[in-house]
Amino acid sequence: MAVALESISVTGTSVEISGVSRVFRVDGREVNALRDVSLTVRPGEFVSLLGPSGCGKSTMLRIIAGLDRPDAGECVVDGAIVRAPSLSRGVVFQDHRLLPWLTVRENVLLALHKAPIGQDGREARVLELLDLVGLSAFAGAKPHQLSGGMSQRAAIARALAPRPRLLLLDEPLGALDSLTRSRLQGELLRLWEHEKVTVIMVTHDVEEAVYLSNRVFVMEPRPGRVRGIFDVSIPYPRRRVDADFVALRQSILDILEREATAAELTC
Amino acid sequence: MNWAIASRLDLRPWLAPIALAAVWAITTSGEHGANPQLIASPVSFIAALLQGLRDGSLPGAILSTLARAITGFFIGTILGFSVGIVIGLWRRPRLIISPTVDALRQVALFAWIPLLSAWLGNGEAMKITLIALGAFFPVALATAAGCANAPLPFLEVGRALELGRRVQVTKIVLPAAAPDIVAGLELSLNIAWLGTIGAEYLIGTGYINGMGDGVGAYLAAAREHARMDHVLVGVLALAIIGLALDRSVALLSRRLFPWQSR
């Protein structure tokens, strides 16, 4: 894994989150989505934010993306404090959010509006990306003509188009059936190695986190915070039935279960 | 297979008109039929229809009505769309203009006639203005609402992609608002159509200015001369043309926004 990390850390960016808190007001009550969260992601790493709903993992991702601002603390990406969204940080949402009135090609092209490569260069980049995610034959299709898995591939192509150095995935495979899901997990690994980006993925699927990540940040709710960090030192490609894999998955599940029981007791 | 044929030759929409025509034929036939001053018989109706087609008075009336309705519709909807965009996209203009627009739209269309006729007389300018005024409000309100309510998830995509304000509007806000805008256009067309007939019927007919033209004036003349057969011809023409306009706009919007039906 050390070798893999070195070879992929060429263009990926680092992320440093220190003391981030975020409070939402729901029905006049304050909900601590995140309280004093600190974590570091190394260049080229694939990490997962894992936890039950309400643990603030998506909020964390939105703060890194610049779509949300923390009430306290700061998020530093590649040495600069995040204040607004940027094309250098690609985002993939759970609901693919392709614009329904544009074709797949036009959706990806939209992400290249700032790329200094000319119209021909942009068209070429779109074709390259659609080829990369296996959608070349669907460049002219509208999103409503695609399956869930294909839509998510297109959304990933859109996020990767401007060559971001950080890819943020918000439960990107959460809405897919299990077969499509495991196939796309393999695709994600391939894209990660091909594009050499840093990846932060939000998920509530333990197996997915262990299968894909270098490290797993396990989070817990009320208030949202990091409960534990797991190094996944199993070499790629991983097999879900290997003893190491199963053991690690189980110890993460145990933590989540204890969390859930504790939460029930306090409710 | 059977089903396909059945759906192609669906007769159900025709049942009610056929039943109405049958009742009409029965009540007006024979010596004890209804008073011809109140309702004309199918025979005299068809005669009036043929005569109107032959001497060109009916097609002429329909054409001038359509031209008037469409002119007013275009003027009203272009202005309505523009005002709607301004209200929908910018907060300050919304605060300034919106309450006034909301108040003005409460005034029934024909309640503008006294004011407008004082300013514009009883000629074509007055009629077109009235029609345009009717067409203005639905599309203005629908455009404003559609733009203001563009889905947040898509707006976030725009932010994440660093789109400028102009691209954000043309690629996200307007397409997202398009179904609302089309619904507004349909309503505007409907009101323009009804407003046209009313304007033709009420404005500039009678003894002062002579008769105007259009189906509304045709109806007014029929009433003036107590020609019940002409009244029925005019009413039927309105129903059929109105329906045709309505259906073509609905068809057009389905073509334009196929993702809406999914």
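Biologist: How many salt bridges does the rule find across the interface of chain B and chain A?

Modeller: This is a predicted model, in which local features need pLDDT of at least 70 and side-chain atom pairs count only at pLDDT 80 or more, whereas totals for chains, interfaces and linings use all residues; side-chain values use heavy atoms, with hydrogens and water left out. Residues are numbered from 1 along each chain as its sequence is written, while chains are lettered from A and ligands numbered from 1 in the order in which they are written. A salt bridge is a side-chain nitrogen of Lys or Arg within 4 Å of a carboxyl oxygen of Asp or Glu. Across the interface of chain B and chain A, the number found by the rule is three.

Biologist: Which residue meets the side chain of B:Glu162 in a salt bridge?

Modeller: Side chains of opposite charge can pair when their charged atoms come close. With 2.9 Å from N to O, the partner of B:Glu162 is A:Lys114.

Biologist: What area do chain B and chain A bury between them?

Modeller: In terms of contact (heavy atoms within 4.5 Å), 17 residues of chain B meet 19 residues of chain A. Buried area is the accessible area (1.4 Å probe) that two parts lose on being put together, summed over both. Carbon and sulfur atoms carry 67% of the total for chain B and chain A, which is about 1,900 Å².

Biologist: Which residue of chain B is linked with A:Arg62, A:Asp95 and A:Arg97 in a network of salt bridges?

Modeller: Over all chains, the structure holds 29 salt bridges. A network of them links the three chain A residues A:Arg62, A:Asp95 and A:Arg97 with B:Glu156.

Biologist: How many residues apart in sequence are the parts that A:Glu123 and A:Arg105 tie together?

Modeller: The two side chains form a salt bridge of 2.9 Å, N to O. A:Glu123 belongs to helix H4 (residues 118-132) of chain A and A:Arg105 to helix H3 (residues 104-110) of chain A, so the pair ties together parts whose separation in residues is 18. Helices (H or I, at least four residues) and strands (E, at least two) are DSSP runs, numbered from the N terminus.

Biologist: Are A:Glu208 and A:Arg181 buried or exposed?

Modeller: Their side chains meet in a salt bridge of 3.3 Å, N to O. A:Glu208 is in helix H7 (residues 206-212) of chain A and A:Arg181 in helix H6 (residues 178-195) of chain A, so parts 27 residues apart in sequence are tied together. The classes are buried (under 20% relative accessible area), exposed (over 50%) and partly exposed (in between), with a 1.4 Å probe and protein chains only. A:Glu208 and A:Arg181 are both buried.

Biologist: What is the relative accessible area of A:Arg25?

Modeller: A:Arg25 forms a salt bridge with A:Glu30, the closest N and O atoms being 3.0 Å apart. A:Glu30 is partly exposed at 49%, whereas A:Arg25 is exposed at 62%.

Biologist: Within what arc do the buried residues of H3(B) fall?

Modeller: Helix H3 (residues 42-54) of chain B has B:Phe45, B:Ala48 and B:Gly52 buried, and B:Val43 and B:Arg54 are exposed on its other side. The arc is that of the directions from the helix axis to the C-beta atoms. The buried residues line one face of H3(B), so their arc, seen down the axis, is within 65 degrees.

Biologist: Which helices of chain B are included in what covers the buried residues of H3(B)?

Modeller: H11(B) has buried residues including B:Val233, B:Ala237 and B:Ile241, and its buried residues pack against H3, H4, helix H9 (165-202) and helix H10 (215-224) of chain B. The cover of H3(B) includes H2 (12-28), H4 (57-89) and H11 (228-256).
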